[in-house]
Amino acid sequence: MPETAVEQLQRTLVQDLSQHNGETVLLKGWVYSRRDLGGVQFLTLRDRTGIVQCVGSQLEIPIAESVVQVKGKVVQHPKAPGGYEIQISELEVLSRAVEPSPVELPKVQWHVNPETLLDYRYVSVRGLKERASLKVQAVLVQSFREALIDAGFTEIFTPKIVSAGAEGGSNLFEVDYFGERAYLAQSPQLYKQIMVGVYERVFETAPVYRAEEHATSRHLNEYLSLDVELGFIESEEDVMQIEEMVLQRICSNLAEKCQKEFELFKMEAPKAPERFPRIPLLEARQLIKDHFGYSVGGKDLDPEGERLLSQYFQEKEGSDFVFVTDFPKNARPFYAYYEANGLTRSFDLLYRGIEITSGGQRIHEYPMLLESLKDRNMKVDGFEGYLEVFKHGMPPHGGFAIGAERLTAKFLGIQNVRYARAFPRDRHRLLP
């Protein structure tokens, strides 16, 4: 194509078309959909900011997901997406798709052929809802970072190949490390505690790995963990207050920056109250039994118990968030600080019926850590590097971790957490 005014124009993004009504603009993006109605052709173009309807005639529009640039006049049109359409004067194909898309993005609906959407994730992730969920997650993580940096925290980066599990469990992915046995990190817990001895307040955003053979809508084998740890605390209450602050910033920023994304899911942006309700675990179990007639199974709260407790506090206090506190030792990792009565200074945070956070105060004294390991019949071997720091003075400290995909899914009403990650990893999936 000879050099024309197309090359001389600066690119305009779809989100900025309202600023160019009546003007000729240059758009670049993908063919989202196309149709021909009696000689009048319609092309829906998608760029990183949205979609727009383009109209022309005698055009050779390539198949969906081809990359094109369009020159045309911006015209107000109340029925078009975004209220504007482009009257095409020139169309150029920049990169032609060589075969039809395996997924028709304009027709994708949640819960329809879910495995197909994951099998062809390299295309389906381009869908409007799919990319909206990832935009929400990006803002969520950015807000997490901003809130903590403003509160005096330092970002850290810890190993993901380790010699032992952080929590002493068996749900570890084993790897061959130059002939030695090693594991993918199930948590940065031990390292972020060590780093409290350096910076006092630290955080990390990084993947973690759990070798659990589950097949549920709320679990992944690799997920993005948002981890926080802080020193010189009085109790777990200090940790809960930091988490409240972080979630308040996240919710505020999502409401400000992601309104279009929430509208696409027909959801309202989440709201975080100034103070989240708190209830001890035993009281929570009794409340659920008295109020709903449901007996919670296990030593923790089961999924139905979490749902009913959240329902109660939403109805009674208008809060989608609730802290459950005072878990027994056998329901917590070995490093959880515990009292003489066997209860730990720990908590879970529920949001709309599902746990999104586990946290609390940690043991900071060396003898108490050894005793905790002994109580659980756990060997000191493999934890020497972690234990060593507690010989050299550690302040009272605690922290929490948020699963980014699980929180994203709950905010947007996505029923399966796999669709809140670009390329999920579960027990059956290593591709794409």
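**Salt bridges up close**

Guide: Helices here are DSSP runs of H or I with at least four residues, strands are E runs of at least two, and both are numbered from the N terminus. Glu304 and Arg307 form a salt bridge with their closest N and O atoms 2.7 Å apart; the term means a side-chain nitrogen of Lys or Arg within 4 Å of a carboxyl oxygen of Asp or Glu. Glu304 is partly exposed at 28% relative accessible area, and Arg307 is partly exposed too, at 39% (buried is under 20%, exposed over 50%, partly exposed in between, with a 1.4 Å probe and protein chains only).

A quick word on the basis: this is a predicted model, where local features need pLDDT of at least 70 and side-chain atom pairs count only at pLDDT 80 or more, while totals for chains, interfaces and linings use all residues. Residues are numbered from 1 along each chain as its sequence is written, and side-chain values use heavy atoms, leaving out hydrogens and water.

Arg126 sits in the loop between α3 (121–124) and α4 (128–150) and Glu65 in the loop between β3 (50–57) and β4 (67–76), so the pair ties together parts 61 residues apart in sequence. Glu65 is buried at 10%, whereas Arg126 is partly exposed at 29%. Altogether, the structure holds 30 salt bridges.
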